[in-house]
Amino acid sequence: MGKVYLVGGGPGDPDLLTIKAYKLLQSADVVLYDALVNKDILNITRPDCLKIYVGKRDSRHTLPQEEINQLLYKFAGVYDKIVRLKGGDPFVFGRGGEELLFLRERGVEVEVVPGITSAVAAPSSALIPITHRELASSFAVITGHPNRGINWADFVKVDTLIILMGVRNRQKIARELIEAGRDPDQPVAFIEKATTTDQREVFTTLKELSQNPPEVNTPAVMVVGDVVGIKKRLETFCKGGLPVTL
């Protein structure tokens with residue numbers, strides 16, 4: 001019986017892979033990879049490595065999760081080293097926990113290799129700290145999927161909200177946060193394709209988002225909180241396009 005590795009592929013930039021993930025990809029017999037995995041990362045694998053796309057994007061699933069689980073179990077009976085490659089971290093909205101339980105219940109050895117989640121990497125790449133001594137002492141990472149039934153009132157007092165998979169539902173999220181008591185003037189940022197050369201940032205407020213949402217492309221991380229305003233403050237440190245030494 002082979003071993004399955006649940007590997008985090010990081011937020012997008014191949015340079016942000018962990019060394020362990022890199023080494024596993026170099027030696028893997030099979031790689032099952034998700035939609036948010038940068039395709040350049042797949043070039044690390046051996047020429048004879050079997051690469052299978054099992055991605056899910058906005059309700060468009062190549063395979064149901066149950067079939068992915070069965071594939072992992074099947075390959076564990078044939079190959080020595082199977083990598084289940086996910087964008088970000090396997091245990092941050094990556095369904096890694098489901099795959100771990102399924103495989104271990106059937107006697108398959110599993111190792112989890114953490115990756116840098118976009119929940120942290122996206123704000124950082126946009127120069128937005130998710131915590132700040134003066135502005136934010138707490139943060140929460142929340143799914144924005146419209147079918148998850150989130151009670152946004154539970155998060156009103158959390159300083160920084162980081163919302164994944166919330167682009168399609170962004171206007172509704174803003175309205176519910178305002179109704180729950182969040183300040184309508186609080187700044188909001190969307191970071192598209194974070195850490196890649198195609199990164200794009202969109203800034204707005206909860207009020208504007210609830211009434212006239214700006215265009216945002218997926219994948220994007222949504223950040224709500226006063227820390228978003230730090231990006232604007234940074235712009236005041238530039239003169240003539242060049243940063244001022246502080």
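**Reading the fold, feature by feature**

Mentor: Let's start with one side chain: glutamate 201 is partly exposed, with a relative accessible area of 28%. Buried means under 20% relative accessible area, exposed means over 50%, and partly exposed is in between (1.4 Å probe, protein chains only). Before we go on, this is a predicted model: local features need pLDDT of at least 70, side-chain atom pairs count only at pLDDT 80 or more, and totals for chains, interfaces and linings use all residues. Residues are numbered from 1 along each chain as its sequence is written, and side-chain values use heavy atoms, with hydrogens and water left out.

Trainee: Which residue forms a salt bridge with glutamate 201?

Mentor: A salt bridge is a side-chain nitrogen of Lys or Arg within 4 Å of a carboxyl oxygen of Asp or Glu. Here the partner is lysine 231, with the closest N and O atoms 2.5 Å apart. Glutamate 201 sits in strand S11 and lysine 231 in helix H7 (residues 229-235), so the pair ties together parts that are 30 residues apart in sequence. Those labels are DSSP runs numbered from the N terminus: helices are H or I with at least four residues, strands are E with at least two. Lysine 231 counts as buried, at 14% relative accessibility.

Trainee: How many salt bridges are there in the whole structure?

Mentor: A search finds 13. One of them joins the side chains of lysine 3 and glutamate 111, at 2.8 Å from N to O. Lysine 3 is in strand S1 and glutamate 111 in strand S7, so that pair links parts 108 residues apart in sequence. Lysine 3 and glutamate 111 are both buried, and they belong to a salt-bridge network that links Lys3, Lys20, Glu109 and Glu111. Another bridge runs between arginine 200 and glutamate 192, with the closest N and O atoms 2.6 Å apart. Glutamate 192 is buried at 5% relative accessible area, while arginine 200 is partly exposed at 37%.

Trainee: Now sheets. What is the order of the strands in the parallel one?

Mentor: Two strands pair if DSSP finds at least two bridges between them. In the parallel case, 5 strands form an open sheet in the order S3-S2-S6-S1-S7. S3 and strand S7 (109-113) are at the edges with a single partner strand each, so one side of each has no neighbour in the sheet. Direction ignored, neighbouring strands are turned by 20° against each other on average. Inside the sheet, 6 bridges join S1 (residues 3-8) to S6 (residues 81-86), and valine 4 has isoleucine 82 as its bridge partner in S6.

Trainee: Which strands does helix H1 lie across?

Mentor: H1 (residues 19-27) lies across S1, S2, S6 and S7, running at about 130° to S6. Helix H2 (residues 65-76) also packs on the sheet, touching S1, S2, S3 and S6, and its direction makes about 155° with that of S6. For such angles, axes are lines fitted to C-alpha atoms (for helices over the stretch in contact), and values run from 0 to 180 degrees between N-to-C directions. Contact means heavy atoms within 4.5 Å.

Trainee: And what is the pairing in the sheet that contains S8?

Mentor: Mixed: that open sheet has 5 strands in the order S8-S9-S12-S10-S11. Its edge strands are S8 and S11 (200-205), each pairing on one side only. S10 and S12 run antiparallel, joined by 5 bridges, and isoleucine 191 stands opposite valine 221 in S12.

Trainee: Last one: which residues of helix H4 are buried?

Mentor: An α-helix has 3.6 residues a turn, so residues three or four places apart point the same way. In H4 (residues 118-125), the buried ones are Ala119, Ala121, Ala122 and Pro123. Their cover includes S8 (139-143), S9 (160-164), S10 (187-192) and S12 (220-224). At the start of H4, a side-chain oxygen of threonine 117 comes to within 3.1 Å of the backbone nitrogen of alanine 119. After H4 comes leucine 127, with a positive phi near 65°.

Definitions and conventions:
A polar contact is a pair of N or O atoms within 3.5 Å; within protein, one must be able to donate a hydrogen and the other to accept it, and residues adjacent in sequence count only if both atoms are side-chain atoms.
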